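These are my notes from going through one model. I put each thing I looked up in its own entry.

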Amino acid sequence: MPLAQEQPDFRFVPRGVDAGGRVTINDTRFDASFIVSGDQLLEGWRPRNVADLQPSDLDALFALQPTVILLGTGTRHAFPAPAVLAAALTRGIGFEPMVNSAAARTFAVLAGEGRKVVAAFLIDPGG
């Protein structure tokens, strides 16, 4: 699914998500989990799927000081463990799990509005 946006005001732009849930940011396709904000990209994020996600995995996202976190859960929508949700919500940070394609589209819209959004994409290279 290709995404397009003209002249964004942010540095890292989602350009597409393939059927396997791999995300393309600018001209790079990511085959492993990563985190992106409008001006930072963090490769090599540890978790590969929702079941693997731990509250401590969110520390890298919190360091970017978002007001909302989008969690791309791959090709299927899934909710993380309650402790993971609580880690964000107790800090007053919005936390929205959704499939990678929806997370990419939502990230582009919110970043385009100048919102302090961070997206974390779970990509399981073996899955």
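Are phenylalanine 34 and phenylalanine 121 buried or exposed? I looked up both, bearing in mind that the model is predicted. Both phenylalanine 34 and phenylalanine 121 are buried.

I then counted ring pairs and got 2 aromatic pairs. One of them joins phenylalanine 34 and phenylalanine 121; I noted 5.1 Å centre to centre and 25° between the planes, and the pair is stacked. The label follows because planes under 30 degrees apart count as stacked. Phenylalanine 34 sits in strand 4 (residues 34–37) and phenylalanine 121 in strand 8 (residues 117–121), so the pair ties together parts of the chain that are 87 residues apart in sequence.

I wrote down a general point before starting: in soluble globular proteins, nonpolar side chains tend to be buried together. Here the largest nonpolar core has 22 residues, and the members touching the most other members are Val23, Phe34, Val36, Leu70, Phe107, Val117 and Phe121. Two or more residues each are given to this core by strand 2 (23–25), strand 4, strand 6 (68–72), helix 3 (100–112) and strand 8. Helix 3 supplies the largest share, 6 residues. I also found a second, separate core of 18 residues, with Ile35, Val50, Leu71 and Ile93 among them.

For phenylalanine 107 I listed contacts, leaving out neighbours within four places in sequence. The list is Phe10, Phe12, Pro14, Val36, Ser37, Gly38, Leu70, Gly112, Val117 and Ala119.

Leucine 70 lies in strand 6. Its relative accessible area is 1%, so leucine 70 counts as buried. With neighbours within four places in sequence again left aside, leucine 70 is in contact with Glu96, Met98, Ala103, Thr106, Phe107, Leu110, Val117, Val118, Ala119 and Ala120. I also took one distance: leucine 70 and phenylalanine 121 are 51 residues apart in sequence and 8.2 Å apart in space, C-alpha to C-alpha.

Which helix holds asparagine 100? Asparagine 100 is found in helix 3. Asparagine 100 has a relative accessible area of 0% and is therefore buried. Not counting residues up to four places away in sequence, asparagine 100 touches Val17, Gly21, Val23, Gly72, Thr73, Gly74, Phe121, Leu122 and Ile123.

I looked up alanine 108 as well, which lies in helix 3. At a relative accessible area of 12%, alanine 108 is buried, since the cut-off is under 20%.

Which residues other than glycine did I note with a positive phi? Asparagine 26 is one of them, at about 55°. Asparagine 26 is placed in the loop between strand 2 and strand 3, and its relative accessibility of 26% makes it partly exposed. Glutamine 65 also has a positive phi, near 55°, and is not a glycine. Glutamine 65 is found in the loop between helix 1 (59–62) and strand 6. At 60% relative accessibility, glutamine 65 counts as exposed.

Aspartate 31 is in the loop between strand 3 (28–30) and strand 4. I have aspartate 31 down as partly exposed, with a relative accessible area of 38%. Apart from residues up to four places away in sequence, aspartate 31 touches Arg22, Ile123 and Pro125. Between aspartate 31 and threonine 75, which are 44 residues apart in sequence, the C-alpha to C-alpha distance is 13 Å.

How many residues line the second largest pocket? I counted 13 residues, of which Ser37, Gly38, Asp39, Arg115 and Lys116 lie nearest its centre. I have the volume of the second largest pocket as about 200 Å³. By class, its lining divides into 5 nonpolar, 4 polar and 4 charged residues.

Note on methods: Residues numbered from 1 in each chain as written. Predicted model: local features only at pLDDT ≥ 70, side-chain atom pairs only at ≥ 80, totals over all residues. Heavy atoms only, no water. 1 Å grid on protein atoms, 1.4 Å probe; cavity = no way out; pocket = protein on both sides within 12 Å on 5 of 7 lines; lining within 4 Å. Points joined across faces, edges and corners; volume = space filled by probe spheres on them. Nonpolar A, V, L, I, M, F, W, Y, C, P; charged D, E, K, R; others polar. Phe/Tyr/Trp six-rings, centres within 6.5 Å; stacked < 30°, edge-to-face > 60°. Helix = DSSP H or I, 4+ residues; strand = E, 2+ residues; numbered from the N terminus. Buried < 20%, exposed > 50% of the residue type's maximum accessible area, 1.4 Å probe, protein only. Core = buried A, V, L, I, M, F, W, Y, C linked by side-chain atoms within 4.5 Å. Contact = heavy atoms within 4.5 Å.
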